[in-house]
Amino acid sequence: MKRLLRYFAVAVALFTTLAPVYWMITISFKREVDQFALPPRWFYFTPTLEHYVDAFVARSFGQYLLSSLIVAICSTAGALVLGTLAAYSLARFRLPRNFDRKLALWILSTRMFPAIVTAVPLFLIMRDLSLVNTRLSLIITYTAFNLPFVVWMMRGFFAEVPRDLEEAAMVDGDSRLGALRRIVLPLVAPGLAATAMFCLIVSWNEFLFALVLTQTDDAMTLPVGIAGRVTQYGIKWGVMSAAAVVAMVPILAFALSVQRYLVRGLSLGAVKG
Amino acid sequence: MSISVFNLTKSFDRTTVVDHLSLEIADGEFVVLLGPSGCGKTTTLRMIAGLEQATSGDILIAGTRVNDLPPQRRDVAMVFQSYALYPHMTVADNIGYPLRVRRLAADQIQKQVRETSTLLEIDTLLQRKPRELSGGERQRVALARAIVRHPRAFLMDEPLSNLDAKLRLQMRGELKHLQQRLQTTTVYVTHDQAEAMTLGHRVAVMNKGKLQQFDTPLEIYSRPANRFVAEFVGSPSMNFLEGSVDVSNRIFENQQVSLALNDSQPASFSNFDTNKPVTLGIRPEDIRVSLSHRDGWHQTRVYVVELMGSETLVILQLGAAKLTARTAADFRAEPDCPVWIEFDTTKAHFFDSETGLRH
């Protein structure tokens, strides 16, 4: 009985998360007449690839996808490199008057106001730098946006690594950066994977800044591109769904490939491993 | 290589952890830094390794000042209390790590790793990860990693404290043997006085950041420089009696005892001020205990008897003070039973009660 209840709860949870995804996937393969059929065609419809062709051949969704990939990967890499070094310093070096703790808090405080607050000044800055409608503007923005998160998350992971290990490495003849690369980073790899995953998801799904900073097909990312199909003349459900299905794939692939790290990374700190 | 420190001082904020410490350690010598926790011995070791910056003073290795060199350029090897093995590497990679960062050729690394692991009898474990090893095996890997590159000195920070008692004794012997064989200068930190006595050519006793005495184990045991050293070294600890010395009659007296100090007494009596309080220190083996009355001996009561197997410790109640005496293994007495004791005053130590310094 208890077991049955548990399965029921799982089924409800799965249904609520997966039903929209299922609906989106089916819409992307349905002809328009089937999309609005009443009663809804849950399983039986004539599959078609017309929306995919429409999105990626006739329209610029291929371009958006490329922009999204470039922006997400570059900003994640940037935030990881800068954030990891900052986090390592904050975890290892004490500054006078507890300045290191204050610094960490200041870094976090940049995430305490709503993102929209920075949208206008950011747009003005990017305009003056002639970076509006470029991927670089988004890469910079997302790197800055993800940095506090990377710093805080990685600082926790670094704090878990015993200091003795790096000290041993340095006495053994390695430089501090060498010890970081050869000893510490391999040990925090699960944390790094989890952090990277989070950054990728944030950058990949980000809509607000992308909307403000990019309006041309060359620089626009997928979320903006998809939303742009809601026009005053009509809503292209099929095209939007097709693009959304494609947008799911990269993140899903990355998540699956780092899955074994991810579980450890997210639970690291909670469980002594 | 020789290691010297001069007026070495380390302060954190307002607390001074190491206070004007000076030591000269000869090439090939095994020196033990001994002291209670918080006495600054580990900080001293870390300053020699370069892991801690000295606030002031000089550190010299082989005659060259190394204060400003980072740890990787001091060419000393350190064995940590936690062993600090790299968990993601195999035993072979752990031992070979110092050679890899020095960019030695792969076959050379392999050869040296094999030689060192054979020396420490861990050559069958080379492909294991540290978590698959027992405590003793980890200890050997940590030692091998220190030995493999023939450093100028070994620095060891309580390397045996995480082992169980039996293994600790075994590794203690092996460590001493290894040092005798390799003849590498070694600085060894411990709070265990037995380790210090057995391992060191010389022992530096530290307390509250200050050097108390730096001498051979025998000298430290038989002529402690002050009351702290006298109390810290030796197990069970030395007994202390507060009192005063009557110079003209050559006696030490307090409310419970009056001890005749005969001519063989090494302390020079002219130093004593009759009115000043004096602490007499006497080791448990220098108190004789008798179950029957003897002339000139002091009567006391037995507080408790502790059987050790090879010997018996008798704790005696003398006024408010408790004294420990070491007796033969077959000594038996009931609690509160009267016994008579005699002090071997030729082996007694006298300390200034105020400064703690030896008279």
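This is a predicted model: local features need pLDDT of at least 70, side-chain atom pairs count only at pLDDT 80 or more; totals for chains, interfaces and linings use all residues.

Analyst: Two residues are taken to be in contact if their C-beta atoms, placed from the backbone, lie within 7 Å. Residues are numbered from 1 along each chain as its sequence is written, with chains lettered from A and ligands numbered from 1 in the order in which they are written.

The part examined here is chain B, where, among contacts between residues at least 6 apart in sequence, 64% join residues at least 24 apart. Its secondary structure comprises eight helices and 20 strands, counted as DSSP runs (helices H or I, at least four residues; strands E, at least two) numbered from the N terminus. The C-alpha trace of chain B spans about 80 × 45 × 35 Å along its principal axes, and of its 359 residues 40% are buried, a residue being buried if 20 or more other C-beta atoms, placed from the backbone, lie within 10 Å of its own.

Chain B is divided into domain 1 (3-232) and domain 2 (239-352), with bounds that come from an automatic or database domain assignment. The centres of these two domains of chain B, taken over C-alpha atoms, are 39 Å apart, and four residues of domain 1 are in contact with four residues of domain 2. On the side of domain 1 of chain B that touches domain 2, two residues are nonpolar, one is polar and one is charged, where Ala, Val, Leu, Ile, Met, Phe, Trp, Tyr, Cys and Pro count as nonpolar, Asp, Glu, Lys and Arg as charged, and the others, Gly among them, as polar.

Definitions and conventions
A residue is buried if 20 or more other C-beta atoms lie within 10 Å of its own, exposed if 12 or fewer, and partly exposed in between; C-beta atoms are placed from the backbone.
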